[in-house]
Amino acid sequence: MEKRGRGGRVTPSQTPQQMPATPRRDRRASMFEKEAFAQILRERLRESFHDVQYVEPPFDDSIADIGKEWKSALAKLKFANSYRMQPLRKFQANSVESKVQQILKESLKDVKYDDKVFSHLSLELADRILLVVKEFGFHRYKFIIKVLFIQKTGQAINVASRWIWDVAWDSWVAVKHETESFVALALVFALYCE
């Protein structure tokens, strides 16, 4: 009986005694064989690389000027988990409050109430406040900024916020700026992310 190829035809060069020589691949070692397990681990460790570093950030106020250079150097590094459950520098509400109050006074000096202008102004103020708060360098904190404008027409208003947070590390700041025609309220929530 003759052996046929894939196409069903018998090739004239092949005879039953002569089969083409194909290189035989060794089977991959099973990880359940005791001898092969150590070899598999060695191969995997050889293929992986470990260039993870941990750099402690400079939190001294005198080094604040080189913060931008330090952050650009961090972009190139990979960090190992530090498993830090508390911040190196806690959120300081009093310093943030004074800075936000200054921003509101400067931005809203000669402004009259206009709902069309205030829709854009609230976004701009929230962005400016976020940039200023980030300059303080509270690492691992996430910030939520809310800016509200309320027209003075003799009404009362209650503003309430509800959060689930860690009382020891999370904090908030409320700053109010009042003029003849409106009240501006800026809320800054600082949430520590472990």
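Trainee: Before we look at how the strands are joined, when do two strands count as paired?

Mentor: Two strands pair if DSSP finds at least two bridges between them. In this predicted model, strands E1 and E3 run antiparallel and are joined by 11 bridges.

Trainee: OK, and which residue in E3 is the bridge partner of Tyr 141?

Mentor: The bridge partner of Tyr 141 in E3 is Tyr 192, and Gln 151 has Phe 182 as its bridge partner in E3.

Trainee: What about E2 and E3, how many bridges do they have?

Mentor: Strand E2, residues 171-178, pairs with E3 over eight bridges in the antiparallel sense. The two strands form a hairpin with three residues between them, and Glu 178 stands opposite Val 183 in E3.

Trainee: So what is the strand order in the sheet?

Mentor: The order is E1-E3-E2, in an open sheet of three strands with antiparallel pairing. E1 and E2 stand at the edges and have a single partner strand each, so one side of each is left without a neighbour in the sheet. From one strand to the next, the twist averages 10°.

Trainee: Which strands does H3 touch?

Mentor: Helix H3 packs on the sheet and touches E2 and E3, with its direction making about 30° with that of E2. Helix H4 also packs on the sheet, where H4 touches E1 and E3, and its direction makes about 150° with that of E1.

Trainee: Back to E3: how many of its residues are buried?

Mentor: Strand E3, which covers residues 182-192, has 11 of its 11 residues buried. Phe 182, Ala 184, Ala 186, Val 188, Ala 190 and Tyr 192 point one way, while Val 183, Leu 185, Leu 187, Phe 189 and Leu 191 point the other way. In a regular strand the side chains alternate between the two faces of the sheet.

Trainee: New topic: which residues have the most contacts inside the largest nonpolar core?

Mentor: They are Phe 91, Ile 129 and Phe 149, in a core of 27 residues. The elements that give two or more residues to this core are H3, H4, E1, E2 and E3, and H4 gives the most, with seven residues. In soluble globular proteins, nonpolar side chains tend to be buried together.

Trainee: What does Phe 91 touch, then?

Mentor: Leaving out residues up to four places away in sequence, Phe 91 touches several residues, including Val 96, Val 133, Phe 138, Ser 171 and Ala 190. Phe 91 counts as buried because its relative accessibility is 6%, and the cut-off for buried is under 20%.

Trainee: How many aromatic pairs are there?

Mentor: The count comes to 12 aromatic pairs. One of them is the tilted pair of Phe 91 and Tyr 141, at 6.1 Å centre to centre and with 45° between the planes. This pair links distant parts of the chain, since Phe 91 is in the loop between helices H2 and H3, Tyr 141 is in strand E1, and the two are 50 residues apart. Ring pairs also link Phe 91, Phe 136, Phe 138, Tyr 141, Phe 143 and Tyr 192 into a cluster.

Trainee: Last one: where does Phe 138 lie, and is this residue buried or exposed?

Mentor: Phe 138 lies in the loop between helix H4 and strand E1, and is buried, with a relative accessible area of 5%. Its C-alpha atom is separated by 6.4 Å from that of Arg 89, which is 49 residues apart along the chain. Beyond its neighbours within four places in sequence, Phe 138 is in contact with residues including Arg 89, Lys 90, Gln 92 and Val 133.

Terms used. Residues are numbered from 1 along each chain as its sequence is written. This is a predicted model: local features need pLDDT of at least 70, side-chain atom pairs count only at pLDDT 80 or more; totals for chains, interfaces and linings use all residues. Side-chain values use heavy atoms; hydrogens and water are left out. Helices (H or I, at least four residues) and strands (E, at least two) are DSSP runs, numbered from the N terminus. Buried means under 20% relative accessible area, exposed over 50%, partly exposed in between (1.4 Å probe, protein chains only). Contact means heavy atoms within 4.5 Å. A nonpolar core is a set of buried Ala, Val, Leu, Ile, Met, Phe, Trp, Tyr and Cys residues joined through side-chain atoms within 4.5 Å. Rings of Phe, Tyr and Trp (its six-membered ring) pair if their centres lie within 6.5 Å; planes under 30 degrees apart count as stacked, over 60 as edge-to-face and the rest as tilted. Axes are lines fitted to C-alpha atoms, for helices over the stretch in contact, and angles run from 0 to 180 degrees between N-to-C directions.
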